[in-house]
Amino acid sequence: MRYIHTFLVLFAVCALAALAGCGKEQEPPVVLRFTSNPAGAEVSVNDTAIGVTPVDYPTQRGSRVIAKYTLAGYNPDWRNATADTDKVVEGRLEQERASTLIVSYPGNAQVFINGELAGETPLVIADQPMGLYRAELRKAGFAPLPIEWELAGGKPRYLAQQFETNIGKLTLTTEPDKAYVFINDKEVGLTPYHTELEEGQYRIRLSKGGYADVTENVIITRMEELQRDFRLGELPGKLQISSIPDGASVFLNGELRGTTPLVLDNLAPGKYQLEVSKAGYAMESAEAVIAPGQTTQLSGTLVLATGGFDLDVEPNGVRVYLDDKELGVSSGKTFEVRDLEPGIHTLRIAHKWANPEQQEYPLQIVKGEILRLPVLKIWVANAELTMRRDGEVLRGYIEEDGPPDAPLLFSPHPGVRTSIVREKILSIKRLD
């Protein structure tokens, strides 16, 4: 009974206390606004998810809470908050970061990220945020190698990449050989030519003196060989011909092409039969070899096809004949005779008062030579003497005609000289 009484007393006290509290107003909650940098983080309060920042959380004044912020790619953040008034509780998230190690086989490859050179393999890229990355590895002689990787969960990545060769082979031959080879306008050697090139397009030029250049674009494919054979086209040549004297006719393979000096263009390379001729000169023949793209020069002095001579004849008035054809009468001037056929000719001098009346000389004419003959002299009477005693007429040559009282030196025949007293001479007649 005693315990029942005690219970009733306690119940009454509690009831009175409860009745006393029912007479007060209930206090409004405090609003905690949870935000984050960056926004969009998930928030849990006292391990209970309440939403994504920014998010409002009403709670009883004076209560204490622990807020956790989580966002993919970021390290989580925790914040303590006391609900003493409405307030903003901001979480600050730091990105997760990790490193990437890139190696290549073979090594020392260039690594390009977003088109910019980041370094050479092996390459460590440190402190990278989580996410998707792309890069390209480049190395001479190998095909560019694109790579892609993702960083997640703050874990580092190890990337090992194997290159494939980017090299192809090129072989160039020409007919004829020894042509200069230019690749992208850079001289690299002579044909036959062998090389290795990276995959791609190249401009090839072949050049050889006397031949037309050959230009061609070729495409080199990795791990393949390209072989190209070329027959070079010969360039025409020139023939330059001169002669002394000029004005000679030029025949090429029997066809008249002009007179010297002469330049013949656009001749196909090869051998030609050349003949040069001029009136009065011996024809000259030669073989002209025309080289591709070059000028062949031929020159020469023409040799007279005939001969000739120079001749002085004494005394004046003597007629001069060659092969019975009169050349003229001596007058103190030199006879210049040209264009005679080589061989034996007959030279004759004559005068009606000569003793003998004419003289002949054989003459050997040599091709291309002008002979200087010795002076030809013939004995010619220049007067007739009539003798006083018997009227005899003497024809001869008065060598000296001195004073009237001096004897007369007279030559009646070649090589004979006599002295005649003038009283014995009836008259003296001069002969023309």
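Asn 37 is found in strand E1, strands being DSSP runs (E, at least two residues) numbered from the N terminus. The model is predicted: local features need pLDDT of at least 70 and side-chain atom pairs count only at pLDDT 80 or more, whereas totals for chains, interfaces and linings use all residues. Residues are numbered from 1 along each chain as its sequence is written, and side-chain values use heavy atoms, with hydrogens and water left out.

Asn 37 has a relative accessible area of 43% and is therefore partly exposed (buried means under 20%, exposed over 50%, partly exposed in between, with a 1.4 Å probe and protein chains only). Beyond its neighbours within four places in sequence, Asn 37 is in contact (heavy atoms within 4.5 Å) with Glu 90, Gly 91, Arg 92 and Leu 93. Asn 37 and Arg 92 are 55 residues apart along the chain, yet their C-alpha atoms are separated by 5.1 Å.

Aromatic rings come next. Rings of Phe, Tyr and Trp (its six-membered ring) pair if their centres lie within 6.5 Å; planes under 30 degrees apart count as stacked, over 60 as edge-to-face and the rest as tilted. By this rule there are three aromatic pairs. The pair of Phe 34 and Tyr 57 is tilted, because the planes stand at 55°, with the ring centres 6.2 Å apart. This pair links Phe 34 in strand E1 (residues 30-37) with Tyr 57 in strand E4 (residues 55-59), 23 residues apart. Phe 34 is buried, since its relative accessibility is 0%. Tyr 133 and Trp 149 form a stacked pair, 5.7 Å centre to centre with 20° between the planes. Both Tyr 133 and Trp 149 are buried.

Terms used: Helix = DSSP H or I, 4+ residues; strand = E, 2+ residues; numbered from the N terminus.
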